[in-house]
Amino acid sequence: MRTLYLALKYLAILLWSSFVVFPFLWALSTSFKTANGVTSGATYLPWVDYEPSLLGWESLFGGAGGINIFGPYLNSVIVTVSASVVSLVLGTLAAYGLSRFRFRAGFVKNGDITFFFISQRILPPIVLAMPFFLMLQTLGLLDTLPGLVIVYIALLLPIAVWVMVDFFNNVPRELDEMAWLDGCNPIQTFLRVILPNSLPGLVVAGMFCLIFGWNDFFFAFTLTFTNTQLLPVAIVSLNSSVTPWWALSAACLVSVAPLLLLAFLAERFLSRGNLAGAVR
Amino acid sequence: MYRQKYLFLIPGLLTLVAIIVFPLLFTIRVSFSSWDVIQPGLDWIGGENYARLWEDERYWEALLRLAGMAGGTVLVQYVLGFGLALLVWREVLLKRFFRVLFLIPMMTTPVVMSVIWRTIFHESLGPVNDLLQRAGLEALPWISSAGLAFTSVMIVEIWQWTPFMFLLLLAGLLSLPEEPYLAARIDGAGPFRTFFRVTFPRMAAISVGAILIRLIEASKIMETVYVLTSGGPGTATETSSYYIYIRGLRDFQLGYAASLSLIYLIIMIVSLTLIGKGLTRIFVKDQA
Amino acid sequence: MLELEELERSENGTCILGGVTARFAPGKLYAVLGRTGAGKTSLMKAIAGMQALDGGTVRHNGEDWAKRPPWKRAVAMVYQQFINYPHLSALDNVAFPLVRRGLRRREARERARRELERVGLGSMVDRRPSQLSGGQQQRVAIARALVKDAPILLLDEPFVNLDYKLREQFREELVGLLGAETGTVALYATTEPREALQLGDEVLLFHEGRLLEQGEPRALFAAPSTVEAARVLSDPPMNLLPIEVRAGAGNLGSLGAVGEGTRIAELPDGRYHLGLRAGDLTVGGELSGEVVLTEVSGSETITHLDTGDHELVLQEKSVVRHEVGTRVHFQPHWEAALVFGEDGRLLHGRREGGHG
């Protein structure tokens, strides 16, 4: 009975794992194919089903049928990282304020302000895209990196506030009070006592910012044309043209690689139950 | 005494207000204008756009389709996510590895993965039909038939976002106290009874939260659709966001699209609030 | 000199602090006694500037502190939770307030090291709080509070989360450590009457946000001014017996007549309450009651007896086993009883030389 239970359990884990991994393996396999391996139907194993070649990967670096994703890659890194950093700074500050002090403006209290931040996640991108479009046009920032950074801050700030408010609510208030009595004003308290103890929260918030920033397609798509293409836009535009599958697959893998790496690096922070309180 | 408190809150608050609130107010104004590609600019046409959208069947169909798609995927995600969380909650070989592996899909760019999924679902060159045929089954028109295209989009959404559900539910499981399980073991309760008597009631609040969060995100579905099916065949996979996108940023009927998006937003907020209240009543009240 | 005047605070209709007025002189240890939620922590936070107030003033050496934020008040505090800076070593934890005050790091560390040695942690200066036991963590917290030489030291049930034996030891050490601080006003919050009476140069009784009484421990114990104050001071609870006195004597039913040789003989006719502490009943004698409940706490035994028309609490200074349901004989020492009027005010305190 117990053996059967265990067997079923590992079978389930294995099944889901293969479902998760399948698209990556397929893309990896495809990226080493040539026309022979693609146009005559699906093939899977290199050397067995098809003769592997580095054509796909070479094309990323200006080889035959070269597609240039280096520019978009750099753009994506710049926009994602700068928007994440700004959001993390502003969001952490706001979250600390909301968690520790009482604010009141008429009937608006702390809970309402926190809700205002987080509720921005409800707005569908399409609702924001049109006003953003007009706003950036007015500011002359359409199709520029700074324009995208501004928009991404609006996307990521709510996430940072959401994670950090929950994190700070779990840091005992007495720690702040202790620091006050030891002569720190609120800003010094935050910088010298709270911040050095906030790494787990910052890592989780930062990861979420990077994920949602790096993975956005819609705003990058609607607010840029040709000058400042971000990576997802570049890849989707390859998709609609006649790019060979091997080059496309290689590009896709290169595009999702950094966050996969990040996931394994930040693993110990993720499943610690940091988010449990935020959902309640 | 704590005047410095404003230094914490104000920068973030002002930034968000500046970036989001003003454009949103502007959208409300635009929705009362006939702004389009021929005559860009703010005029006043009263509620004409709203009257037009009332008659716009394609809009309401897209909304219904979205409701079905979001509800369906989130339900499947919840069941799968809970199951997966239970699988790697307690001692399992390579626990940490599997926990990260299960999270992987949500870390990937949805459109990029959709590009890969498109090759997977490709009707003559993709592996899905190939495998079906090898198993002696028939190849299926994954993208070109209305029903299957809908299914394909849902499969991709489930692949992408079950991990998020998994993450939230696992976090919830990990924060459960140990004592009730000891008590259940002493009572000799089997795994099923333990689950329904001990685990599930305690996960009710988290479940509601996780389902709501996912519903919010799922109600925005459009990128997968854009890459995988472009709303097709016909309008078989067209969601609200996608339809508004076509009206607004492809046809450039900004005035009309603004009214569409505002009504969409209002319907979303109202229905999500109702769903939230309903779920809380069903799930959470029982245990009191 | 620390002076509190009419401190007021209520939240959602609950009184947190109700018109608290008190004066504290340097060099003395004040024990703040009250049950959980009586306002002890709120009082301390008000002094530290961390409790929002509806009214009242905190004055230190004549200066009104209303506009002075916590980080500019010369206050040190030790909490019941073990609060230290998790990212700093024990040494840097203790040096932290000194560095904040402008001392150079080397000098601060030197003084911190000396302070840690004084609390017995000289060999663990480099450990993080998470690498220390609960007791050691609280030693670090105490060292961090003492190193500042703050004129006001607030100890909020500092030992309540330590185990019984450690608590005793800490209490003794604390007296030694505080002995040197002649210029310091020290407040020590506790829920245990015995601890308050042992430690405090003066005791303040708190109940539901109000300061019932302040005074020297022996005097306070002998003559608490109201029933309420006597209750806060008594652990185990005091036996409170209503009695009607006629011609210098009263009848307590199963406990017999009371009058001669006690204060009751001097009372005019009327209704009164007799307060008899659990320790003022001794085992053996003519009276008896059925054991309802008995518990051993430390080296003492507390037994609840039912005499038919009264339920009495009896305290023995040894570990004894009484079976529930058996009868125990006892002797009340009426001469030690407190006499309260019908309004709950004390009429006669405990006679000197009384039992216990």
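Of the 280 residues in chain A, 49% are buried, a residue being buried if 20 or more other C-beta atoms, placed from the backbone, lie within 10 Å of its own. The structure is a predicted model, in which local features need pLDDT of at least 70 and side-chain atom pairs count only at pLDDT 80 or more, while totals for chains, interfaces and linings use all residues. Residues are numbered from 1 along each chain as its sequence is written, and chains are lettered from A in the order in which they are written.

Chain A contains 15 helices and two strands; helices (H or I, at least four residues) and strands (E, at least two) are DSSP runs, numbered from the N terminus. Chain A is more spread out than a compact globule, because its radius of gyration is 23 Å, well over the 19 Å that the globule rule gives for 280 residues. The radius is taken over C-alpha atoms, and the rule is 2.2 Å times the number of residues to the power 0.38. Along the principal axes, the C-alpha atoms of chain A fill a box of roughly 75 × 65 × 30 Å. Of the contacts in chain A with a separation of 6 or more, 75% join residues 24 or more positions apart; two residues are in contact if their C-beta atoms, placed from the backbone, lie within 7 Å.

The contact between chains A and B takes 78 residues from chain A and 77 residues from chain B. On the side of chain B, helix α1 (residues 5–30) gives the most, with 15 residues. This side has 55 nonpolar, 15 polar and seven charged residues, where Ala, Val, Leu, Ile, Met, Phe, Trp, Tyr, Cys and Pro count as nonpolar, Asp, Glu, Lys and Arg as charged, and the others, Gly among them, as polar.

The contact between chains A and C takes 14 residues from chain A and 17 residues from chain C. In chain C, the elements that give two or more residues to this side are β6 (75–78) and α2. By class, the side of chain C has 13 nonpolar, two polar and two charged residues.

Within chain C, helix α2 (residues 90–100) also packs with helix α3 (residues 105–118), at an angle of about 125 degrees and with the axes 8 Å apart. Axes are lines fitted to C-alpha atoms over the stretch in contact, and angles run from 0 to 180 degrees between N-to-C directions.

Key: Buried ≥ 20, exposed ≤ 12 C-beta atoms within 10 Å, placed from the backbone.
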